Amino acid sequence: CGDAIDPFCAQHLDLSMRNLMTESGVMQVMVNDSESPLAWLARRKGRDGRAMIGPEQFIAGERLRADFTRAQMTPRVTSSWTGIGRTKGAGGGAGEMTDLIIASRQRVRLALESCGPEFSGLLLDVCCFLRGLEDVERERGWPSRSAKVVLQLALDRLARHYGLRADVSGTGSGVRTWLADDAGFTSSSA
């Protein structure tokens, strides 16, 4: 795998080997950590000395990105010449999608739906389109450094969807009333 990358190019990249779980088993892949905002956040330490995002958050974001890539949802940056010279209705439709693409699209849709409309756009921008947090803040008119907090919340919800993080709810007994046990309701008729 190392021979496939130009040594001059490799010195300008932040490459590491990762294990990727596929349908056929575990496969080792080389990843450029400098291209992903999530990898940068996972390596960067906050004031308290902990990583800015936890391992579950990082794995959840990368899992969404992997499904997004497998689903072939990334926009094309060049023209597609594959349809030139074909007759109308020949190829390029849903009939050519593999089961892997369809399943990946369903997983992306379900993950984004579980995160809700508040977080899905941010997750797409950062995890899938690899946009930086400063760009997201500028585009949405958010205060500086606020995207990091919102992204942490979004990644928590995504990790919970993937089953990577247990729902933190304390003892499990919710608040039933704010009144004391001996408080009674009185009806006042005026």
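## The second largest pocket

In this predicted model, helix α6 gives the largest share of the lining of the second largest pocket, three residues. Helices α2 (37–43) and α6 (133–140) each supply at least two lining residues. The pocket holds about 390 Å³ of space.

Which residues line the second largest pocket? They are Pro-37, Trp-40, Arg-44, Arg-47, Met-52, Gly-132, Leu-133, Glu-134, Glu-137, Ser-144, Arg-145 and Lys-148. By type, the lining has six charged, four nonpolar and two polar residues.

## Helix α7

Helix α7 covers residues 146–161, which makes 16 residues. From first C-alpha to last, α7 reaches 23 Å. That is close to the 22 Å expected at 1.5 Å a residue.

Several α7 residues are buried, among them Leu-151, Ala-154, Leu-155, Leu-158 and Ala-159. Asp-156 is buried as well. What do the buried residues of α7 pack against? Their partners are α2, α3, α4 (99–115), α5 (117–128) and α6. After α7 comes Gly-163, with a positive phi near 80°.

## Helix α3

Helix α3 runs through residues 55–70.

The buried residues of α3 include Phe-58, Leu-64 and Phe-68. Glu-62, Arg-65 and Asp-67 are buried too. In an α-helix, residues three or four places apart point the same way, because there are 3.6 residues a turn. Just after α3, Gln-72 takes a positive phi of about 55°.

Definitions and conventions. Residues numbered from 1 in each chain as written. Predicted model: local features only at pLDDT ≥ 70, side-chain atom pairs only at ≥ 80, totals over all residues. Heavy atoms only, no water. Helix = DSSP H or I, 4+ residues; strand = E, 2+ residues; numbered from the N terminus. Expected span 1.5 Å × (residues − 1). Buried < 20%, exposed > 50% of the residue type's maximum accessible area, 1.4 Å probe, protein only. 1 Å grid on protein atoms, 1.4 Å probe; cavity = no way out; pocket = protein on both sides within 12 Å on 5 of 7 lines; lining within 4 Å. Points joined across faces, edges and corners; volume = space filled by probe spheres on them. Nonpolar A, V, L, I, M, F, W, Y, C, P; charged D, E, K, R; others polar. Contact = heavy atoms within 4.5 Å.
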